[in-house]
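Q: I am new to this structure and would like a close look at a single part of it. Please take me through that part and then through its surroundings.

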Amino acid sequence: AKKEGKSQYCFFQENMLIEHQRKIDIANAIEPGLERGEFYICYQPKVSSDAEPRGVEALVRWNSHSLGRVAPSDFIPIAERSGKISALTDWVVERVCRDVADYFQDLPVPILVSLNLSAYDLKRYQFSDFIRSTFETHSVRPELIEFEVTEHAYLDNLEMANRFFNDISELGCRVALDDFGTGYSSLSYLTRIPIDLIKIDKQFVENIGLTARDDALVLTIIEMAKRLGIELCAEGVETEAQRDFLKIHGCNLMQGYLFDRPQELEQLKAIFATTISE
Ligand code: C2E
Ligand code: CA
Ligand code: CA
Ligand code: CA
């Protein structure tokens, strides 16, 4: 039994080494990948409870020459820890601004475009200056842009985060709180930062209909947002039962596979050509 324990330990250690090496490989492939154009953006619609498009969320994708497809849940945390996230975020901001200028901004109905930011981005000096100048370069209307941040990103460095939010709301952009309910327990920040929208994390949406308590939790978040005067969007809506529950209880912005998967811009244009009319 002792021998077996030892070989299991070695096996465990070997796996850790392989995993560690993969993280290093990913970190080292990000910058060359940006230069070689391996990254692209998919857009997932946010719709009203009647499935009318109201906005889109930009989600980064990576098809690496050396590593193949890498999921954002794998490379974003590595980019954050290895200091590569600023280059990646800047690329996303620039890419999305071009798409807004070339397409979204000219649609006959207002379509909000959201971008995800990392905790690290909020701590960067002059990041809001970069955003402002990228808007200017592409003549992007700031009111159409929304930044999705997690409560973790906000609480990580209050002073820098507050400065960023001030700059961003002065510019006229919107702020959305992502993954709501999954992080810290303190809710006091909800009254201190200019939050326009709260996204109910998909883990809560997934549990709708399971137990009375799961439902009560979602109802409480809906009620809270109403009382605070903050818009609400449910993410990860996959079933009609989830949609109906959310709709009945007054959450009228939703996102999920039930409506659309994240799409490359060309496919999204085809979808919007049939769902958006003047
Ligand atoms: P997130 O911001 O919470 O994004 C939602 C994730 O849920 C996306 O995964 C989306 O594809 C997925 N999703 C959408 N609808 C459904 C559904 O109905 N069911 C299920 N099961 N999943 C759904 P994705 O694209 O793999 O992104 C994962 C995370 O990576 C994002 O979570 C976000 O934290 C991060 N991320 C993605 N793009 C960027 C980016 O450009 N910058 C930064 N900093 N982070 C990003
Ligand atoms: Ca234009
Ligand atoms: Ca998000
Ligand atoms: Ca989320």
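Which residue takes a positive phi just after helix 5, and of about what value?

A: This is a predicted model, in which local features need pLDDT of at least 70 and side-chain atom pairs count only at pLDDT 80 or more, while totals for chains, interfaces and linings use all residues. Residues are numbered from 1 along each chain as its sequence is written, chains are lettered from A and ligands numbered from 1 in the order in which they are written, and side-chain values use heavy atoms, with hydrogens and water left out.

The residue is serine 139, which takes a positive phi of about 50° just after helix 5. Helices (DSSP runs of H or I, at least four residues) and strands (E, at least two) are numbered from the N terminus. Helix 5 covers residues 127-138, and its 12 residues should span 16 Å at 1.5 Å a residue, which agrees with the 17 Å between its end C-alpha atoms; the expected span is 1.5 Å times one less than the number of residues.

As background, an α-helix has 3.6 residues a turn, so residues three or four places apart point the same way.

Rings of Phe, Tyr and Trp (its six-membered ring) pair if their centres lie within 6.5 Å, and planes under 30 degrees apart count as stacked, over 60 as edge-to-face and the rest as tilted. The structure holds 11 aromatic pairs. In one of them, the ring centres of phenylalanine 147 and phenylalanine 164 are 6.2 Å apart and the planes stand at 75°, so the pair is edge-to-face. Because phenylalanine 147 lies in strand 5 (residues 145-150) and phenylalanine 164 in helix 7 (residues 158-171), this pair ties together parts that are 17 residues apart in sequence. Phenylalanine 147 and phenylalanine 164 are both buried.

Tyrosine 154 and phenylalanine 165 form a tilted pair, with 5.9 Å from centre to centre and 45° between the planes. Tyrosine 154 lies in helix 6 (residues 151-156) and phenylalanine 165 in helix 7, so this pair ties together parts that are 11 residues apart in sequence. Tyrosine 154 is buried, with a relative accessible area of 1%, and phenylalanine 165 is buried with a relative accessible area of 1% as well.

Key:
Buried < 20%, exposed > 50% of the residue type's maximum accessible area, 1.4 Å probe, protein only.
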